[in-house]
Amino acid sequence: RALVTSTGQVLWFEHLLPREYQPSAPLLVSVSPDNRHGALLLDNEIRLSAADEGPYASVPFTKAMQRDAFKPAWDQSYALARKALDEGKRIDQRRRYDNMKAEWINRNFRWQEGKEGWQFFGQGLKPVALPVPARKEP
């Protein structure tokens with residue numbers, strides 16, 4: 001979910017394909033300029049989703065790539081949490097780390113509108129269309 005503060009509109013982006021199971025929760029890391037498409041970070045990819053239509057593409061951002069990209073963010077969030085604890089304060093290290101991952105994604109990936117709609121490019125990676133099952137008519 002994302003909140004458009006200028007309008008109060010809540011955006012919802014589905015990350016699952018029909019009959020798909022994902023063991024971890026997605027993290028919404030970016031929203032397209034038209035507020036109709038979202039990029040959700042999953043364990044082995046960045047999944048692109050349209051607000052009313054669901055997932056349509058995947059950027060192959062693997063676990064190994066994520067580990068390497070996000071290690072500095074993890075180290076920094078850990079250091080901040082340790083410092084806060086030493087000062088007798090508490091911070092939510094997981095939330096801070098998630099925010100840092102989203103910042104990294106938005107520094108290194110960009111939305112681009114094309115013939116196929118909005119796509120998400122970065123780090124030499126290109127989105128790949130997801131297989132969309134045919135919808136059954138009632």
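Modeller: Before we start, contact means heavy atoms within 4.5 Å. This is a predicted model, where local features need pLDDT of at least 70 and side-chain atom pairs count only at pLDDT 80 or more, while totals for chains, interfaces and linings use all residues. Residues are numbered from 1 along each chain as its sequence is written, and side-chain values use heavy atoms, with hydrogens and water left out.

Colleague: OK, which residues is Pro60 in contact with, leaving aside neighbours within four places in sequence?

Modeller: Start with its place, the loop between β6 (54-59) and α1; helices (H or I, at least four residues) and strands (E, at least two) are DSSP runs, numbered from the N terminus. Pro60 also sits 6.6 Å from Ile46, C-alpha to C-alpha, though the two are 14 residues apart in sequence. Beyond four places in sequence, its contacts are Asn44, Met65, Leu125 and Lys126.

Colleague: And is Ser77 buried or exposed?

Modeller: Ser77 belongs to helix α1 (residues 63-86), and touches Gln93, Arg96, Tyr97 and Met100, not counting residues up to four places away. Buried means under 20% relative accessible area, exposed over 50% and partly exposed in between (1.4 Å probe, protein chains only). Pro60 comes out at 35%, so it's partly exposed. Ser77 has a relative accessible area of 0%, so it's buried.

Colleague: At what angle do the axes of α1 and α2 cross?

Modeller: Axes are lines fitted to C-alpha atoms, for helices over the stretch in contact, and angles run from 0 to 180 degrees between N-to-C directions. The axes of α1 and α2 come within 9 Å, and the crossing angle is roughly 145 degrees.

Colleague: By class, how many nonpolar residues are in the contact of α1 with α2?

Modeller: Residues making the contact include Ala73, Trp74 and Ser77 of α1, with Tyr97, Met100 and Trp104 of α2. Ala, Val, Leu, Ile, Met, Phe, Trp, Tyr, Cys and Pro count as nonpolar, Asp, Glu, Lys and Arg as charged, and the others, Gly among them, as polar. Alongside 3 polar and 3 charged residues, the nonpolar count is 11.

Colleague: Last one: how many strands are in the chain?

Modeller: Along the sequence, the pattern reads β-β-β-β-β-β-α-α-β-β-β. Besides 2 helices, the number of strands is 9.
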